[in-house]
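Subject: Structure handover

Hello,

Here is the structure you asked to take over. Please open it first, then read the notes below.

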Amino acid sequence: MNASKKVAFYTLGCKLNFSETSTIARNFEGEGFQRVDFSEEADIYVINTCSVTENADKRFKTIVKQAQKANPKAFVAAVGCYAQLKPQELADVDGVDLVLGATEKFKITDYLNDLSKNDFGEVHSCEIEDADFYVGSYSIGDRTRAFLKVQDGCDYKCTYCTIPLARGISRSDTLENVLQNAADISAQGIKEIVLTGVNIGDYGKGEFGNKKHEHTFLELVKALDKVEGIERLRISSIEPNLLKNETIDFVSKSKTFVPHFHIPLQSGSNEILKLMRRRYMRELYIERVAKIREVMPNACIGVDVIVGFPGETDERFLETYHFLNELDISYLHVFTYSERDNTPAAEMDGVVPMKVRNKRSKMLRGLSVKKRRAFYESQLGTMHTVLFEGENKEGYIHGFTENYVKVKAPWNPALVNTLAEITLTEIDTDGLVRFKKAPKLSSAMVG
């Protein structure tokens, strides 16, 4: 490959996908490619796909068109979850030259022979049983925080989910490797690391290619807390049955782990949880929230919830709504259920009409706005540390406190990627929080 070849990336979906795109991009750079923005002209466009987002195929076609517009002769490759689940569908999209599944995506440069356009999309996707080895990744470069992948795949069999089909069995990075990656990230001046994976509470399983747990999630958290140079560590989504009290206690006393948890609930109705084959009942969820509030009263607690699952009658939906309304949580991520091929839920009775799903989704989104507002109000007058981000958004700089309150101040490039002590003062009309500087900082800090 000659050094002047340019490559561009587009990532759909989750934080895990972002960390994997970054790793794939570094492989390209290691082979002499120059990385450019997706809107620019490149020789290769790599699209990292997602099977969870709505209208995944429509989005994909639009992005392929975007690449072809920038360079009609470019080589277009699709990788990732959707590429594993529906490889032929993506290969049939006009302009796609290569489709790589779960295990092949990390070896993409091996598949690029002469970069000439193919008449047909070439598919290389493994049987998902073969996705049993672990590839570590982390994303940096475009943010003030990095996403560090510690685990991949899932052994849970939730009836609505295609992730085990798209990513294979649960497997983990070695502890040594995670700690090395964390040290590498912090050495680059990045202040916050977000731990990510498909089911991170399952960390340790498959660390050495078997089902034995060599280390637990708690051991991982304790070891990361000792890595020099990391200012902040954040746990991304973790299953309620895998978030143990010992972990919550440790985070409450940790010097780097922040008081922010994102815990999928999916439904507040035990009947629906059973139909979903989740591994807990709502009572356990109440216990987890109570435990967090007991040791970290100011913690931010985010919740994933799915509306419109088969069998979700009006009564069961209202059960979820009231359950969440009464729970001391901070915000919701609401997903409207959509049927996925090869999942048990797609065959279930009690299908909820799309109109009803959308209405319920709107109700819960409204509840989320109310919850976030109440959480922000409860934090006014308290002192926090904020990490400022790198973008000038209409004359303002934004940042997040350790407990995930989003703040804003007039744009000041000197603040980018810095931490500052602040007191939260008021909620602005756009819902973000204004603050005043702590005494020891310069006047540039005033929000």
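How many residues does the largest nonpolar core have, and which of them have the most contacts inside it? Keep in mind that this is a predicted model.

**The cores**

The largest nonpolar core has 51 residues. Those with the most contacts inside it are Leu 148, Leu 195, Leu 220, Leu 224, Leu 324 and Leu 364. Helix 7, residues 217–224, gives this core its largest share, 5 residues.

Take a look around Leu 148. Setting aside neighbours within four places in sequence, Leu 148 is in contact with Ser 137, Tyr 138, Val 178, Asn 181 and Ala 182, among others. Its contacts also include Ile 185, Ile 193, Val 194, Leu 195 and Thr 196.

**The rings**

There are 11 aromatic pairs in the structure. One of them joins Phe 38 and Tyr 45, with ring centres 5.1 Å apart. Their planes stand at 75°, so this pair is edge-to-face. Both Phe 38 and Tyr 45 are buried.

Phe 400 and Tyr 404 make a stacked pair, because their planes are at 15°. Their ring centres are 4.5 Å apart. Phe 400 has a relative accessibility of 11%, so it counts as buried.

Two other spots deserve a click. Phe 9, Phe 28 and Phe 33 form a cluster linked by ring pairs. Lys 408 lies over the face of Tyr 396, 4.1 Å from the ring centre.

**The salt bridges**

Side chains of opposite charge can pair when their charged atoms come close. In this structure there are 24 salt bridges.

Lys 86 and Asp 341 form one of them, with their closest N and O atoms 3.0 Å apart. This pair links distant parts of the chain, 255 residues apart. Lys 86 sits in the loop between helix 3 (81–85) and helix 4 (87–91). Asp 341 sits in the loop between strand 15 (331–336) and helix 12 (354–379). Are the two partners buried or partly exposed? Lys 86 counts as partly exposed, because its relative accessibility is 23%. Asp 341, at 48%, counts as partly exposed too.

Now go to Arg 360. Its side chain meets that of Glu 312 in a salt bridge, at 3.0 Å from N to O. Arg 360 is in helix 12, while Glu 312 is in the loop between strand 14 (300–307) and helix 11 (314–326). The two residues are 48 apart in the chain, and the pair links distant parts of it. Arg 360 counts as buried, at 5% relative accessibility. Glu 312 is buried as well, with a relative accessible area of 3%.

Arg 360 also meets Asp 314 in a salt bridge, at 2.6 Å from N to O. Arg 360 lies in helix 12 and Asp 314 in helix 11, so this pair ties together parts that are 46 residues apart in sequence.

Last, there is a network of salt bridges. It links Glu 20, Lys 105, Lys 149, Asp 152, Arg 167 and Arg 171.

Best wishes

Terms used:
Residues are numbered from 1 along each chain as its sequence is written. This is a predicted model: local features need pLDDT of at least 70, side-chain atom pairs count only at pLDDT 80 or more; totals for chains, interfaces and linings use all residues. Side-chain values use heavy atoms; hydrogens and water are left out. Rings of Phe, Tyr and Trp (its six-membered ring) pair if their centres lie within 6.5 Å; planes under 30 degrees apart count as stacked, over 60 as edge-to-face and the rest as tilted. Buried means under 20% relative accessible area, exposed over 50%, partly exposed in between (1.4 Å probe, protein chains only). A charge sits over a ring if NZ of Lys or CZ of Arg is within 6 Å of the ring centre and within 35 degrees of the ring normal. A nonpolar core is a set of buried Ala, Val, Leu, Ile, Met, Phe, Trp, Tyr and Cys residues joined through side-chain atoms within 4.5 Å. Helices (H or I, at least four residues) and strands (E, at least two) are DSSP runs, numbered from the N terminus. Contact means heavy atoms within 4.5 Å. A salt bridge is a side-chain nitrogen of Lys or Arg within 4 Å of a carboxyl oxygen of Asp or Glu.
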